[in-house]
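Please look over the sequence and the three-dimensional structure shown here, and then follow the paragraphs below from the whole protein to some of its parts.

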Amino acid sequence: MEKPTAPVNINVEKNYDSEFCGSIPLHLVNLVQPHGVLLVLDKQDLRILQVSENVERFLFAKPDELLGLPFSDLLAEGQYEDILAKLHTQDSQDKIPLTLRFQVQGRETAFSVLILPQQDYVLAELEESVDSPKESFVRLYQHIKYITSLLKQAGTYPEIAQRAAEELKQFSGFDRVLVYQFDPKWNGIVIAQAKEEDMADYLGLRFPASDVPKQARDLYFRNPYRLIPTRDYKPVRLIPVLNPLTQRFTDLSESSLRSVANVHLEYLANMNITASMSLPIIIDGQLWGLISCHHKTARYPGYEMRSAMELLSGILSAQLEAKQREEVMALRVQLRSMHVKLVEQLYDATHFADGLLKKGDSLKELLSLGGAAVVYEGNIWLSGDTPGKDEVRELASWLRRNKSGLFATSMLTHDYPHSKGYKEVASGLIAMPINAEQGDFILGFRPEVAKTIAWGGNPNNAVQMEPDGKSYHPRNSFAIYQETVKNTSQPWSMEELEAAEKLRNAVLEKIVKERY
């Protein structure tokens, strides 16, 4: 039996986006992971300012033997000029991927190098270049084309996400691949999953926003992926500790080698995960979600595989965006058709309230309402499931005092506590002012929809502080924690709000024509 996916648009009243977690400067750690080496270069002549202390393992020279040397002294002939040409050709600070041969202490070694121009200096990330038949350009290209064609064939965006998870698992070799969508409060919902049978099932679970705090989310706009080949690594520091140019820690925001916080490594251990890789899904310039890859043992995908996965995350983002645009356009066409019908009904009636409420259910269909009311010039008209007239009059009075334009909420008891007595019929409200100063409104009501949210562990224990108030730990259990959300309705979509505003304008136009 297929497991249902958690609705993304359920309103979660509590904010789990921890301010404490979100304030930690992840980019100023001065530490890198040891699967590569980081060089910090002067921007003028590319002299070496800082090196990671594991440099001897890669370049057979101690840090103090390299500091101050021109980068060109380490390279085989002809390569330095190529780097300069690429640095000077581009105006932006985009990353420059290269394969370079280094000659140090009489030894020559090939590295995959990522040049990261910064405002005051240049970062150079080095990882050993290893030829792998499984990661050849032709093989990767063929797989990318195949996966892209499958994504295009999917009918809905959840189907696109599920196909992506299944194919990325097979393509990358990770034990589990999740597609994770953020809700409006940055909690993440697993909308697709592909995994080994012996691994925990997270499909449909929601994870609190503190699992991916704000500064970690922001870094995904500067780094196309985050790779942790093994959580058991020993971080290596930069030498010297302070950048000689800035006299501060070097900003590692764009470095894929940047070390991660200990609390995240502990989080992986609690998940029984050794290696992980995550990639952003960016839609309309916003972080929509993540592709999260897990492995039970250490796993170090090569640069070619990581680049292919980076490309696929972009393709997935584009396909999801296209499908959502398609669904939005279909909804707008449907709402436009309903609007035309309702306006005809409006003008056929003697009074606009009769046109909205007495002839059919067009208003309720347009905005998916359980009931509606019109409050106008001291009179009240009701249709469908609504609060009583006295309650509607009091609600309109509250709106007159507190709201001026179009107002919509799916948690009316939160905004207007006096509504608790009729939350079953009016947990959701949309108010279209006719004359707000006089308390004249068109009101639409949505009933309470009690939902059970399944969390991946208790979100209230997501961050566990030590007595010192400085150290903290992640929750140690991801067992399903169920929470029932009450006093909420189905949320209002942007398209429905636009339709409500158009209807309000049509009503105002009819009133003006009748009077003048």
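Helices (H or I, at least four residues) and strands (E, at least two) are DSSP runs, numbered from the N terminus. Counted in this way, the protein has 14 helices and 22 strands. The model is a predicted one, in which local features need pLDDT of at least 70 and side-chain atom pairs count only at pLDDT 80 or more, while totals for chains, interfaces and linings use all residues. Residues are numbered from 1 along each chain as its sequence is written, and side-chain values use heavy atoms, with hydrogens and water left out.

Taken along the principal axes, the box that the C-alpha atoms fill is roughly 95 × 50 × 50 Å. Of the 516 residues in the protein, 51% are buried, where buried means under 20% relative accessible area, exposed over 50%, and partly exposed in between (1.4 Å probe, protein chains only). Among the contacts (heavy atoms within 4.5 Å) with a separation of 6 or more, 65% join residues 24 or more positions apart.

One part to look for is an open sheet of seven strands, which has antiparallel pairing and the order β1-β11-β3-β2-β6-β5-β4; two strands count as paired if DSSP finds at least two bridges between them. Its edge strands are β1 (31-32) and β4 (96-104), each of which pairs on one side only. Strands of a sheet pair through backbone hydrogen bonds, either parallel or antiparallel. Within this sheet, β5 (residues 107-117) and β6 (residues 121-128) are joined in the antiparallel sense by seven bridges, and V113 stands opposite L126 in β6. Across β4 and β5 lies helix α4 (residues 79-89), which runs at about 155° to β4; for such angles, axes are lines fitted to C-alpha atoms, for helices over the stretch in contact, and angles run from 0 to 180 degrees between N-to-C directions.

Is G289 buried or exposed? G289 counts as buried because its relative accessibility is 0%. Leaving aside residues up to four places away in sequence, G289 touches Y180, Q181, F182, L279, P280 and I281. The C-alpha atom of G289 is also separated by 7.5 Å from that of G188, although the two residues are 101 residues apart along the chain.

Finally, strands β14 (residues 371-376) and β15 (residues 379-384) run antiparallel and are joined by six bridges, with G371 standing opposite G384 in β15. These two strands, β14 and β15, form a hairpin with two residues between them, and E377 in the turn has a positive phi of about 50°.
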